[in-house]
Amino acid sequence: MTRTARFTLDPAFRIGEVNPRLFGSFVEHLGRCVYTGIYEPEHPTADEAGLRTDVLDLVRELGVTAIRYPGGNFVSGYKWEDSVGPAEDRPRRLDLAWRSTETNRFGLSEYIAFLKKVGPRAEPMMALNLGTRGVAEALELQEYANHPAGTALSERRISHGDKDPFGISLWCLGNEMDGPWQTGHKTAEEYGRVAAETARAMRQMDPSVELVACGSSSQSMPTFAEWEATVLAETYELVDYISLHAYYQPENGDIDSFLASAVDMESFIENVVATADHVGARLKSKKRINLSFDEWNVWYISKWHEIENSGERDWAEAPRLLEDNYSVTDAVVFGSLLIALLRHADRVTVACLAQLVNVIAPIMTEPGGPAWRQTTFFPFAQAAKYGRGEVLDVRVDSPTYETSKYGTADLLHATAVRAADGSVTVFAVNRDRTEALPLEVRLNGLESTRVVEHSVLADADPDARNTLTEPERVAPRAGEGASLEGGVLNAVLEPLSWNVIRLG
């Protein structure tokens, strides 16, 4: 078999338009994501609101859009009333999800102010507590946040210094309610019922709200697919999205399977689409449910379980939790997961990288010290910048390799996005750990005549990473030799690499 990987691009064959919300992220009250992450009033760079401006600069550079808040597992014990009003009057609470103490110094108003400073692309995505609370509390939060004035709750918001409504249009109906670890865990029937009642009531207040029902916490859950079918049978005409969550790590040193993690992600997406469409067909509905992949990342979850089972957590404030330090290998897998999302942009119209700062995050900080980019920062920032437009249908003819977890997998994982101006960006990963992969792309009916840029993230040391002491050890660099002649793009993808090839 030839070692060259090939595919053809043609504007007549396309997947769909990329929704900007595909480049969302996630801020949870977990570890140091909020405190000493985005919010540190004592920091030398802090603004008048206590937000770290060095972090704000990096968040803008990252290009995130919708930012989901305040959880995550945290939300299932969250009392929104604790997070509003004068900060000095807010109560300290125990957070059962992460066995920490929550000060509530950063709350709802601060979150909205943070979004405004990130910029106009960043919109709120608010999660509701359907674990320990229900319909009434959801309506109270909706009224406080969104009603202009003239009611007790809207006037309370105004008295707290926020005259203008927050304008939250995108709401998550709980979080991971299928998981036994979730405070207030429910069966599919129990959750489907409360989600439907909450959705119906919220639409009475505002018919235009967009609502996300909880799907399975992973494809490996024993209730997977049955959960979605049961929940959607109750909520199909009341919600807009069903959620997906997935995290990946190498298991037992199996790097080859880890590099093929997107095989599982694409299977997960396609199986949820099939389940949702089956429910729609059964209900004879003309409506289509889209997918909100509102938690995804590389996460060394086995390390977390070791800490979780050690009994060492002690209700600390903003403890160092889930602070994974990402390697080049992790970044290549991460880029492949981004490709998987783009390849399904017709149905995945919301996605949230979990999380934004410090907690399994592309941005790291030190209290009182610097902020820096992890290796995973770069694929996300490039995809958020150049992955805007229409995703073209990419069917690869690629050499393959064998994995113990996912069977036969392509060495090439790729997609392409055509921008409004006709330019095309190819995103490609070479999963081969030792050999370069020649790439040939035929362009049919496209106007591209030259290679504008070939950016590569790779390293002779696949374990290379950015740290406090070496914050710029890894960064994308220019690739060599890519050419476009006679409507054919030729390039060589380095071993174990994330590639962005821009055509003009």
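Predicted model: local features only at pLDDT ≥ 70, side-chain atom pairs only at ≥ 80, totals over all residues.
Biologist: Which residues of helix α2 are buried?

Modeller: In α2 (residues 108-118), they are Leu108, Glu110, Tyr111, Ile112, Phe114, Leu115 and Val118. These buried residues pack against α1 (53-62), β4 (67-69), β7 (124-127) and α3 (135-146).

Biologist: Thanks! Now the open sheet: what is the order of its 7 strands?

Modeller: The general idea is that strands of a sheet pair through backbone hydrogen bonds, either parallel or antiparallel. Here the order runs β2-β15-β18-β19-β25-β21-β22, and the pairing is antiparallel. The edges are β2 (14-17) and β22 (477-478); each has a single partner strand, so one side of each lacks a neighbour in the sheet. Helix α10 (residues 328-343) packs on this sheet, touching β2, β15, β18, β19 (424-430), β21 (451-457) and β25 (497-503), and its direction makes about 50° with that of β18.

Biologist: How many bridges join β15 and β18?

Modeller: Strand β15 (residues 390-392) pairs with β18 (residues 412-418) over 3 bridges, in the antiparallel sense. Leu392 stands opposite Ala416 in β18.

Biologist: And how do I read the packing of α6 and α8?

Modeller: Two packed helices are described by the angle between their axes and the distance between the axes. For α6 (residues 226-235) and α8 (residues 261-282), the angle is about 40° and the axes are 9 Å apart. The two helices α6 and α8 are therefore oblique to each other, and α6 passes α8 in a right-handed crossing.

Biologist: Which residues meet there?

Modeller: Glu228, Ala229, Leu232 and Ala233 of α6 meet Val272, Thr275, Ala276, Val279 and Arg282 of α8. By class, that contact of α6 with α8 has 6 nonpolar, 1 polar and 2 charged residues.

Definitions and conventions:
Residues numbered from 1 in each chain as written. Heavy atoms only, no water. Pairing = 2+ DSSP bridges. Helix = DSSP H or I, 4+ residues; strand = E, 2+ residues; numbered from the N terminus. Contact = heavy atoms within 4.5 Å. Axes fitted to C-alpha atoms, helices over the stretch in contact; angles between N-to-C directions. Buried < 20%, exposed > 50% of the residue type's maximum accessible area, 1.4 Å probe, protein only. Parallel < 35°, antiparallel > 145°, perpendicular 65-115°, else oblique. Left-handed = near helix turned anticlockwise from the far one by under 90°. Nonpolar A, V, L, I, M, F, W, Y, C, P; charged D, E, K, R; others polar.
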